[in-house]
Amino acid sequence: MKPNIDISDINLKEVAARLNTLLADEYVLYTKTRRAHWNIQGKNFNEMHKSFERQYDTLDIIIDDTAERVRTLGHFELGSLKEFLKVARLNEEHDGFSDQYHIIQNLLEDHESVIRSIRKDITVIADEYKDLGTAAFTTGIMEHHEKMAWMLRSYLQ
């Protein structure tokens with residue numbers, strides 16, 4: 001049964017598509033953060049290891065909440081790595097995990113990319129697709145990424 005929430009089916013479909021792209025980005029970033037957690041070494045190892053764990057725990061919640069938001073809007077979320085990689089704006093990185101600086105820089109760039117993408121989507125979702133609930137939802141996600149980016153940035157200074 002389709003939701004009857006005063007948003008057209010076409011608009012719900014478009015919002016769900018944007019959320020699925022966000023979901024794909026979150027999944028790529030989650031995987032890269034896990035990789036950082038597993039491979040970090042050098043100065044501040046213990047602190048960085050725990051910091052990455054906190055970040056991937058946050059990303060795990062964001063992933064679940066985003067998938068559930070897609071379902072709330074009456075659509076299905078993407079659910080395979082192949083589907084995620086087709087629509088993700090982030091690249092699955094195979095390089096740049098050789099040292100602490102590159103790991104942190106790579107993750108920071110991804111968080112900032114997600115922030116910029118969400119910032120653009122918020123306006124479109126609210127103004128064009130008339131979905132203030134999803135606009136607020138994605139604003140909350142953006143705030144999580146802003147905080148994680150700040151924490152990563154602080155290690156690079």
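Is Asp25 buried or exposed? Asp25 is buried, at a relative accessible area of 1%. Buried here means under 20% relative accessible area, exposed means over 50%, and partly exposed is in between, with a 1.4 Å probe and protein chains only.

Before going on, two notes on the model. This is a predicted model, in which local features need pLDDT of at least 70 and side-chain atom pairs count only at pLDDT 80 or more, while totals for chains, interfaces and linings use all residues. Residues are numbered from 1 along each chain as its sequence is written, and side-chain values use heavy atoms, with hydrogens and water left out.

Back to Asp25. What does the side chain of Asp25 meet in a salt bridge? The partner is Arg89, at 2.7 Å from N to O. A salt bridge means a side-chain nitrogen of Lys or Arg within 4 Å of a carboxyl oxygen of Asp or Glu.

Helices are DSSP runs of H or I with at least four residues, numbered from the N terminus. Arg89 itself is partly exposed, at 34% relative accessibility.

Arg89 has another partner, Asp121, and there the closest N and O atoms are 3.5 Å apart. Asp121 is buried, with a relative accessible area of 9%. Taken together, Arg18, Asp25, Arg89 and Asp121 are linked in a network of salt bridges.

How many salt bridges does the structure hold? There are eight. One of them joins Asp9 and Lys2, whose closest N and O atoms are 3.3 Å apart. Here Asp9 is partly exposed, at 44% relative accessible area, and Lys2 is exposed, at 62% relative accessibility.

Now the helices around α1. Helix α1 covers residues 9-39 and helix α4 covers residues 100-128; they pack at about 165°, with axes 11 Å apart. Axes are lines fitted to C-alpha atoms, for helices over the stretch in contact, and angles run from 0 to 180 degrees between N-to-C directions. That angle makes α1 roughly antiparallel to α4. The cut-offs are under 35 degrees for roughly parallel and over 145 for roughly antiparallel, with 65 to 115 roughly perpendicular and the rest oblique.

Residues on the α1 side of this contact include Arg18, Asp25 and Glu26, and those on the α4 side include Val114 and Asp121. Contact means heavy atoms within 4.5 Å. By class, the residues of this contact are ten nonpolar, five polar and seven charged. Nonpolar covers Ala, Val, Leu, Ile, Met, Phe, Trp, Tyr, Cys and Pro; charged covers Asp, Glu, Lys and Arg; the others, Gly among them, are polar.

Next is helix α2, residues 45-72. The axes of α1 and α2 come within 9 Å and cross at roughly 160°, and the two are therefore roughly antiparallel to each other. Their contact has 15 nonpolar, six polar and five charged residues.

How do α1 and α5 pack, and at what angle? The angle is about 15°, with the axes 12 Å apart, and the helices are therefore roughly parallel to each other. From α1 the contact uses Val15, Leu19, Leu22, Glu26 and Leu29, and from α5 it uses Thr134, Phe137, Thr138, Ile141 and His145. The residues divide into six nonpolar, three polar and one charged.

Glu26 deserves a separate look. It lies in helix α1 and is buried, at 0% relative accessibility. Leaving aside neighbours within four places in sequence, Glu26 is in contact with Leu59, Ile62, Ile63, Val114, Ile141 and His145. The C-alpha atoms of Glu26 and Thr66 are 9.1 Å apart, across 40 residues of chain.

Last, Asp131, in the loop between α4 and α5 (132-156). Asp131 is buried too, at 2% relative accessibility. Beyond neighbours within four places in sequence, its contacts are Ile7, Val15, Arg69, Leu73, Ile125 and Ala126.
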